[in-house]
Each structure stands twice: as structure tokens, then as C-alpha cells.
Amino acid sequence: MNWEDTPEEAAFREEVRTFIAERFPAEYTPDTLAEHSLEPEDVWGYNWPADRRSDDPARRDGAQRWAAALAERGWITPHWPAEYGGAGLSALREFILQEEMMRARVPTVNGIGAFLLGPTVLAHGTEEQKAEHLPPIARGERTWAQGFSEPGSGSDLASLRTKAVRDGDDYVVNGQKVWTSLGVQADWLFVLVRTDPEAPKHKGITFLLVDTATPGVTVRPITDIRGDVPFAEVFFEDARIPVANRVGEENRGWYVAMDALSFERAGIGATVKFEQALSTLVTYVKENGPYLRPDRERLRHEIARRYAEVRVLYNLARYTVSKQVSGEVPGYEASVNQLFGAELASRLARTGADAFGPNAELWDRAGGPLGAAFTHLRLDAVAATFLGGTTEIQRNVIATRGLGLPRS
């Protein structure tokens, strides 16, 4: 495939680069202890949902000014219609915008709201819901988190047990969600609840929008194996959620949720992160950095393999976008992207271990090689194999939907 830009696309790419150079706030500097982080959600030391509430006035002001600059052009929600604060960009131009932002190492804004919740409301929401929820997302004023996973459900999302009982104009919700990414920083949640316990498990689920300030909703941070708090658990104790906050029909929330998951991005963020990390490693090796192991005969071949795999991941992302450009909805291709990217994260971490030997165990970002980026990636890669669906589920999707193999 030829992924070269057309003259029009090249001009748009240059427009994005100029905009970033001119409008990204100079005082909005990355967290120096995390600037080598390879976690895709934390873009080179930035975590916009946390920065907008930071105790550091410079970070807080920088995050807000960056959101305002993007919002002027509709680039927080570039694919949305202009009437809701978007720019109406094509899938390919949106891809170019996200790619250039990643290459410039500046954060996207409001990702979960812009790329998951927003398109879901556009497709299934009422006019009142669109008017209430979409403009604040497009302005960077309201952040969202996804409340799907539950304790004991594992990858069987449809086995969820959080219950919602209709009481007049409200649903009374009781239950628990877990592993809610960015839940601590979220203003609102979109959650799946069971409204018909007698129905088959996929057919008794409803999709609700929940203000985290609602009485009876408690958000508690979860510390991961790195000592960071990217996740939260959410408890519902007789929380009253207006029926007006239901997206789609009652008991049809499973199908709304599947549409929401189909809106996930093509994976360009991880691709650029891995590419830049590998380039940094190559430069470090060429300069014979102080932490390198003396016996590194295999390293040249391992780096070459990783480089080829990063290019494969980039082409998978471009292929997914090309499907969208042609008017198709990506299906199993998203599983191919996720599976390959998750396993590449593990292989890239092992390449770092090959390069640094025992020094790959150094955890301190201030003292480890390359800010201990590859040490932290080794732990991040564990979660990558089950976030958004385990690797086993991704393989099943690829086998049945992509290859047409029979279910066992």
C-alpha cells in the first residue's frame, strides 16, 4: 500500500505542525520524572486529565490553555460535526492530526470523552443528551471514564452484576466497577448496569451516563505495580441516576456498548511511542551509554526485529483508517492492532533488558537507564495483554470474524 500524503494531506500535516509550534504553551512542561514513560496514555510526561486539576499552577494553566487552543479549531473532537464543537475532519485527516501530536510529544485532550463516549452519544443519544454532554467535551471542560469492568467478571463483560432498578424517573444503582482508567480524574462515567436479571445476559443490560458527584457514587484510586494510580474502583450505593441519562433503549445497552468500543482509535499513539523509544535506544547504544551490558552481540538483530515490527504496527493502524475512509466499520482489524501492539510492548521491553542486562532492573526514573523507561514498560506490558480484552479474546475474534473459522 502507498501511504504517501497527497499534496492536500501534506499541506494539512504542515498546518498541524505549525499550529503546535505556535500554540502549545511553553510553560506546560512534561513531568521530568516521567518524560521517558512508554505508557501510551501518558504522553512523554503529560497526563492531561490529571494536569487540568494539578496543584501546580503552571501545569494546570498550561493544560487549560492547550485545551482552549485545540478547541478553537475543533481539534479536541476533530471527527465530530461542527455543530457540537468538532471540526468535521475525515478519518485520514484525524489520523494525521493525532500522529503529528504524538510525534511532537504533546498530549491529546479528553481522549475517552472525545473518541469513545462522544461518537456513542452521536449515534444513540437524544438531542437533549447531545446538547448537554457534547459541547463540554469539545471544549475540554468535562472528562469521562468508562465503567464497564467488574470484579469477578474477567473478560466476560456481559456477566456484569451492577444492578439498576427503575423507580419513577430514576434508576437506583448498586454494585461495583473496577480497573476504571482515569476514573479518579473523571467528571462523568458511562457505565453498564443490569436492568433485567431474568433476561439472557447480553439482553438485560442498560447504558447509563453518571455524574461522579452523584450521592452514593464513590471513586477510590487503585495503585498499580509501578506505584502509579491510573485506575480506580467505583462503588454505587443506592445511587439515583435519572432515566434521562440512559443512552439507547432499556435492556439494549450491550449493543450500545459494542458500538462504543468500535470507536476506539487505530493505535497510532502506541506506534509512535514505540518508534521514538526504539530510536532513543539506538542512539544510546551508538553513544555507548554507561548502563549497557558488555555482551550485546544479539542486540543488533533484536533492534532490527523491533524496528520491522513497529513498521508493521504502523501499517496496521493505517489499514484500519483506510477502512474508515472507504466507509467501512473496522471489525476484527481492531483486534489485530490490539493483539500485535500488546505483544510488541512485551518484546520491546525484552529488547531493553537485552541492552541493559542487570541494569534493566533499576526502577528509579532519575537514576535508571533512559529514565528506566524499559523497566517500567516491562510492567506496563503485563496490563497491555488484557486491557480492552485479553489476548485470548482478541485471537478468538480474529479467528472467527477475520478468518471465518468455526467456534469450538
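The following questions and answers concern the predicted model shown above.

Q: What makes the chain as compact as a globular protein of its length?
A: The secondary structure comes to 12 helices and 8 strands. The radius of gyration is 22 Å, close to the 22 Å that the globule rule gives for 408 residues, so the chain is as compact as a globular protein of that length. Along the principal axes, the C-alpha atoms fill a box of roughly 70 × 50 × 45 Å.

Q: What share of the residues in the chain is buried?
A: Buried residues, those under 20% relative accessible area, make up 52% of the 408 residues. The accessible surface of the chain comes to about 18800 Å², and 52% of that surface belongs to carbon and sulfur atoms.

Q: What share of the contacts in the chain with a separation of 6 or more joins residues 24 or more positions apart?
A: Residues 24 or more positions apart account for 70% of those contacts.

Q: How far apart are the mean positions of the positive and negative charges of the chain?
A: The chain has 46 positive and 58 negative charges, and their mean positions are 4 Å apart.

Q: Which residues of the largest nonpolar core touch the most other members?
A: This core has 27 residues, and those touching the most other members are Leu-117, Trp-144, Phe-148, Phe-190, Leu-192, Phe-207 and Leu-209. Two or more residues each come from α5 (111-124), α6 (127-138), β4 (188-194), β5 (205-211) and α7 (253-262). The most is given by α5, with 6 residues. Another core, of 23 residues, lies apart from it and includes Leu-292, Leu-313, Leu-348 and Phe-374.

Q: Which residues are in contact with Phe-190, leaving aside its neighbours within four places in sequence?
A: Contact requires heavy atoms within 4.5 Å. With those neighbours left aside, Phe-190 is in contact with Ile-112, Leu-116, Leu-117, Trp-144, Ala-145, Gln-146, Gly-147, Phe-148, Phe-207, Leu-208 and Leu-209.

Q: Why does Thr-180 count as buried?
A: Buried means under 20% relative accessible area. Thr-180 has 1% relative accessibility and therefore counts as buried. Thr-180 lies in the loop between β3 (170-177) and β4. Not counting residues up to four places away in sequence, Thr-180 touches Ala-145, Gln-146, Leu-189, Pro-230, Phe-231, Ala-232 and Val-234.

Q: Why is Gly-183 called buried?
A: The relative accessible area of Gly-183 is 2%, which is under 20%, so Gly-183 is buried. Gly-183 is placed in the loop between β3 and β4. Beyond its neighbours within four places in sequence, Gly-183 is in contact with Ala-145, Val-219 and Ala-232.

Q: Why is Trp-179 called partly exposed?
A: Partly exposed residues fall between the 20% limit for buried and the 50% limit for exposed. Trp-179 has a relative accessible area of 48% and is therefore partly exposed. Trp-179 is in the loop between β3 and β4.

Q: What is noted about the phi of Trp-179?
A: Most residues other than glycine have a negative phi. The phi of Trp-179 is near 60°, a positive value in a residue other than glycine.

Q: Why does Asp-238 count as exposed?
A: Exposed means over 50% relative accessible area. Asp-238 has 52% relative accessibility, so Asp-238 counts as exposed. Asp-238 is in strand β7 (residues 231-242). Its phi is positive, at about 50°, although Asp-238 is not a glycine.

Conventions:
Residues numbered from 1 in each chain as written. Predicted model: local features only at pLDDT ≥ 70, side-chain atom pairs only at ≥ 80, totals over all residues. Heavy atoms only, no water. Helix = DSSP H or I, 4+ residues; strand = E, 2+ residues; numbered from the N terminus. Rg over C-alpha atoms; globule rule 2.2 N^0.38 Å. Buried < 20%, exposed > 50% of the residue type's maximum accessible area, 1.4 Å probe, protein only. Areas by Shrake-Rupley, 256 points an atom, 1.4 Å probe, with all protein chains shown as cover. Lys, Arg positive; Asp, Glu negative; His and termini not counted. Charge placed at Lys NZ, Arg CZ, Asp CG, Glu CD. Core = buried A, V, L, I, M, F, W, Y, C linked by side-chain atoms within 4.5 Å.
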